[in-house]
Amino acid sequence: MNIEIIEKNGSYFGTLTGWIDTAVATQFIEDLKPLMSKADKSIELDCAKLDYICSLGLRGLLQLKKESAAKGGKLVLTHVEGEVLKILTMTGFIKLFDIRR
C-alpha cells in the first residue's frame, strides 16, 4: 500500500496504490491524518491503482468523508474500478461517497 498526496491550488490530490488489507490498514489511517486537518478543502483520491481495500481501510475513508462534511470540504474518489468497486457496492459504501469513474 502506498499513498501519495500533493497540494495544488488549495486542493489536495492523493493516489492510492496496492492493497489496503488488515496488515497495513492502521498505517493507511495514519497516512490519512494530514488530510483530516485539511478536510475543509477539496480532496480527491485516485483509486485507479488500488487493488483491494479491507473494512478497516473503508473505515478510514469514511472518517475522512465525515471530517470533510463537518468542515465544509469535499471528498471525491476517482477511478474506482474492479475489486474496489465490488467491495464498495457490496458494503453499501458506494452510496456514501462521491465517486467519479
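This is a predicted model: local features need pLDDT of at least 70, side-chain atom pairs count only at pLDDT 80 or more; totals for chains, interfaces and linings use all residues.
β2 and β3 pair in the parallel sense over eight bridges, and within β3 the bridge partner of Trp19 is Tyr52. β3 is joined to strand β4, residues 74-78, by five bridges, and the two run parallel. Here Ile43 stands opposite Leu75 in β4.

| Strand pair | Sense | Bridges |
|---|---|---|
| β2 and β3 | parallel | eight bridges |
| β3 and β4 | parallel | five bridges |

Helix α1 covers residues 25-36. Its twelve residues should span 16 Å at 1.5 Å a residue, and the C-alpha atoms at its ends lie 16 Å apart, which agrees.

Which residues of α1 are buried? They are Ala25, Phe28, Ile29, Leu32, Leu35 and Met36, each with under 20% relative accessible area. Seen down the axis of α1, the buried residues fall within an arc of 100°, so they line one face of the helix. An α-helix has 3.6 residues a turn, so residues three or four places apart point the same way.

What covers the buried residues of α1? The cover includes the strands β1 (2-8), β2 (11-20) and β3 (42-53), together with helix α2 (55-71).

Key:
Residues are numbered from 1 along each chain as its sequence is written. Side-chain values use heavy atoms; hydrogens and water are left out. Helices (H or I, at least four residues) and strands (E, at least two) are DSSP runs, numbered from the N terminus. The expected span of a helix is 1.5 Å times one less than its number of residues. Buried means under 20% relative accessible area, exposed over 50%, partly exposed in between (1.4 Å probe, protein chains only). The arc is that of the directions from the helix axis to the C-beta atoms. Contact means heavy atoms within 4.5 Å. Two strands pair if DSSP finds at least two bridges between them.
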